[in-house]
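Have a go at each task before reading its solution.

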Amino acid sequence: AMEQIPQQLQAQLRQTTFRFGTKVKDVTGQQIRLENGAVLPFDKLIIATDPAPMMPGLSNQQLSWQYTCNLYFRTSNSLLQDNAIALVADPDHPINNFCVLTDVAPAYAEKGHLVSVTLKEMPPENAGSAYYEKIAQALASLTGYTEAITFVRRYDIPKALPQIQDLHFSLPATQFRLTNDIYLAGDYLLNASLDAAMRSGRLAAQELLNSR
């Protein structure tokens, strides 16, 4: 599971304090002001998210985002023969990609199989059972599956991936420094991918350590 990545990172930290569910209001000077009124001073800071909402000077540089909708369905048997993500090349098809999560993680469903479907377009907010049945039929037509495909849940993800015009695999570590004390990390700095997110974090940390 994706959760294993931060858990592995956390397991190696010995002098770190974690604050969960703690929202930042703004960052000024060398202080982080939280929405609850608390102020946290810092020597060096890495912002691993869109910095614009918390830094007034960047208010006109907020990121644009790609949105998506993810649907989950339940089936008795797997729709795929391989442990793979199936990509749909037809630009007019409503499904962008799908995979059978329980093929690689059986514990994700108490019985049967759990199928994750990513759509090309965001469905109406008030979409009902007829819409989800249409997607189930489209899934069946792709795979030849003839048994029941039951809708489970819908997740709208308005900030799925950042929209990036100038793509990079990597950049000099100095490009991750915003000020003398503040550094940036995130896939939006390179390309929209998990690799870019982790790479940018490592480069930002290297630049911070080199500046001390």
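**Exercise 1.** How much space lies in the second largest pocket? Then find what lines this pocket.

*Solution.* Keep in mind that this is a predicted model.
- Step 1: start with the volume, which is about 680 Å³ for the second largest pocket.
- Step 2: look at the lining, which has 17 residues. Nearest the centre of this pocket lie M2, N70, S116, T118 and I157.
- Step 3: assign the lining to elements. Strands β5 (65-75), β8 (113-119) and β9 (149-162) each give two or more residues to the lining of the second largest pocket, and β5 gives the most, with five.

**Exercise 2.** Examine how β1 and β2 are joined.

*Solution.* 
- Step 1: check the direction of the strands; β1 and β2 run antiparallel, and four bridges join them.
- Step 2: pick out a facing pair. D26 stands opposite R33 in β2.
- Step 3: go to the turn. The hairpin of β1 and β2 has two residues between the strands, and G29 takes a positive phi near 60° there.

**Exercise 3.** Is R154 buried or exposed, and what does its side chain reach?

*Solution.* 
- Step 1: locate R154, which is found in strand β9.
- Step 2: apply the cut-off. The relative accessible area of R154 is 17%, and buried means under 20%, so R154 counts as buried.
- Step 3: follow the side chain of R154 to its polar partners. One is the backbone oxygen of P124, at 2.8 Å. Another is the side chain of Y132, with a polar contact at 3.2 Å.
- Step 4: list the surroundings. Leaving out residues up to four places away in sequence, R154 touches C69, N70, L71, M122, P123, P124, E125, A127 and Y132.
- Step 5: link back to Exercise 1. N70, a contact of R154, is also among the residues nearest the centre of the second largest pocket.

How values were computed. Residues are numbered from 1 along each chain as its sequence is written. This is a predicted model: local features need pLDDT of at least 70, side-chain atom pairs count only at pLDDT 80 or more; totals for chains, interfaces and linings use all residues. Side-chain values use heavy atoms; hydrogens and water are left out. On a 1 Å grid over the protein atoms alone, a cavity is a set of points where a 1.4 Å probe fits but cannot get out, and a pocket is an open set with protein on both sides within 12 Å along at least five of seven lines; lining residues have an atom within 4 Å of a point. Grid points are joined across faces, edges and corners, and a volume is the space filled by probe spheres set on the points. Buried means under 20% relative accessible area, exposed over 50%, partly exposed in between (1.4 Å probe, protein chains only). A polar contact is a pair of N or O atoms within 3.5 Å; within protein, one must be able to donate a hydrogen and the other to accept it, and residues adjacent in sequence count only if both atoms are side-chain atoms. Contact means heavy atoms within 4.5 Å. Two strands pair if DSSP finds at least two bridges between them.
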